[in-house]
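Please read them with the coordinates open.

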Amino acid sequence: MNIEIAEYLRLDDRFPHILCPGCGIGSAMNAMVRAISESSMNKNEICVVSGIGCSSRVPGYIDCDTFHTLHGRAIPSATGIKLARPEMEVIVIAGDGDLLAIGGNHFIHAARRNLDLTVILINNFNYGMTGGQFSPTTPQGKRGTTAPYGSVERDFNVCEMAKVAGAVFVARSTTYHTPHLKGLIKQAMKKKGFAVIEVVSQCPTLYGRLNRMGDAIKMLEYYRDNSITVTQVKEPKDAEGKIVIGVLWETEAPEYSEVYKKVIDIAQKK
Amino acid sequence: MKKSNPNPVVQTAKTGIEISIIKEFCKGCGICVEFCPKDVLALGSDLKTNCINIEACNGDALCELRCPDFAIFVKNPKKKAIKK
């Protein structure tokens with residue numbers, strides 16, 4: 001088949017994928033594959049790692065080095081890969097339940113060390129695969145199957161947490177803004193250090209249905225109408241109740257695998 | 001392992017823009033139909049996306065980018081190929 005991105009996909013034996021009709025993870029995967037295809041990288045230099053969950057099915061469909069690990073342990077596995085093969089570009093793709101609930105500690109410590117990973121966090125606000133239980137990112141008052149009267153817990157602001165933990169590149173986009181998301185992923189892959197991209201995604205089957213948000217199209221229209229770019233925010237009140245998209249934080253810091261390499265050289269007396 | 005054999009339905013416009021739809025992959029979510037700025041696509045009776053007005057297509061490939069199922073691909077000869 002004469003398709004530009006076909007060499008990065010397991011089109012022959014894996015597709016069509018198992019995700020629900022209208023699921024945002026497919027759009028995020030689409031943007032990621034295109035970002036990989038447009039960056040001048042050999043597919044043997046890329047490793048995609050994931051944990052458990054809907055979004056962690058993604059590496060199964062991508063034709064490069066992929067690794068589907070334990071629940072919440074995508075980042076520890078990626079750390080091992082990066083330290084063993086520092087020349088590889090390691091991409092972690094995981095969901096909010098995977099990366100922030102069971103893998104929350106790994107997430108903040110990888111950010112603290114500033115290891116050169118690209119983390120694509122697909123946030124669909126619930127645990128989709130197990131049936132719509134509320135997750136650490138479910139907004140307060142929104143319903144899940146285990147929160148029929150609305151979640152009473154406060155939710156995480158992922159981007160603020162990543163920034164405070166020490167990530168050098170923090171950005172947010174939605175599945176409506178796929179060209180924007182593709183650009184952000186390309187930027188994050190070039191960045192040396194821990195780069196986090198939060199992708200606000202739709203789960204029309206569970207979260208959208210339980211919260212009366214309508215189908216996938218209605219949810220995408222909601223994201224279109226309720227998002228604001230970071231340059232448009234002049235005062236804090238502009239961002240109230242809105243999804244702020246764009247590059248939220250960028251800085252420079254020494255990268256962990258390079259610092260570690262120096263220690264190895266000293267110990268081996270090179 | 002089961003081997004799928006993607007078989008795209010290809011349509012070409014006078015402008016040279018080519019739209020291929022892989023019906024086996026399409027799940028009929030309607031995202032491409034709703035967000036097409038030129039109303040080129042529509043859901044057919046088989047609940048899969050169909051190209052009904054290819055001459056109106058401006059080749060922006062938003063459908064291709066948003067499609068969660070990798071079911072639609074647009075080729076625009078006017079767009080320069082991305083340098084590798």
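**Notes on the model**

1. A:Gln202 counts as buried, at 0% relative accessibility (buried is under 20% relative accessible area, exposed over 50%, partly exposed in between, with a 1.4 Å probe and protein chains only). This residue is found in the loop between E8 and helix H7 (207-210) of chain A. Helices (H or I, at least four residues) and strands (E, at least two) are DSSP runs, numbered from the N terminus.

2. On the basis of the values: this is a predicted model, in which local features need pLDDT of at least 70, side-chain atom pairs count only at pLDDT 80 or more, and totals for chains, interfaces and linings use all residues. Residues are numbered from 1 along each chain as its sequence is written, chains are lettered from A and ligands numbered from 1 in the order in which they are written, and side-chain values use heavy atoms, with hydrogens and water left out.

3. What surrounds A:Gln202? Leaving aside neighbours within four places in sequence, A:Gln202 is in contact (heavy atoms within 4.5 Å) with residues including A:Gly22, A:Cys23, A:Thr175, A:Tyr223 and, from the other chain, B:Ile31. Its side chain reaches the backbone oxygen of A:Gly22 at 2.9 Å.

4. A polar atom of its side chain lies 2.9 Å from the backbone oxygen of B:Arg66. Not counting residues up to four places away in sequence, A:Ser27 touches A:Thr175 and A:Thr178 in chain A, and B:Leu65, B:Arg66 and B:Pro68 in chain B.

5. The interface takes 41 residues from chain A and 28 residues from chain B. About 2,900 Å² is buried between the chains, and carbon and sulfur atoms give 62% of this area (buried area is the accessible area, 1.4 Å probe, that two parts lose on being put together, summed over both).

6. How many salt bridges does the rule find across the interface of chain B and chain A? There is 1, taking a side-chain nitrogen of Lys or Arg within 4 Å of a carboxyl oxygen of Asp or Glu. A:Arg34 forms a salt bridge with B:Glu64, with the closest N and O atoms 2.9 Å apart. On the chain B side, the elements that give two or more residues are helix H1 (31-34), helix H2 (62-66) and strand E5 (72-75). H2(B) provides the largest share, 4 residues.

7. Chain A has an open sheet of 8 strands in the order E2-E1-E3-E4-E8-E7-E10-E9, with mixed pairing (two strands pair if DSSP finds at least two bridges between them). Strand E2 (65-68) and strand E9 (227-229) are its edges, each pairing on one side only. Strands E7 (residues 169-174) and E8 (residues 195-200) of chain A pair in the parallel sense over 6 bridges, and A:Phe169 stands opposite A:Ala195 in E8(A).

8. In chain B, 3 strands form an open sheet in the order E1-E2-E5, and the pairing is antiparallel. Strand E1 (9-12) and E5 are the edge strands. Strand E2 (residues 18-21) pairs with E5(B) over 4 bridges, where the bridge partner of B:Ile21 is B:Ile72.

Note on methods: Polar contact = N/O pair within 3.5 Å; in protein donor to acceptor, adjacent residues only side chain to side chain.
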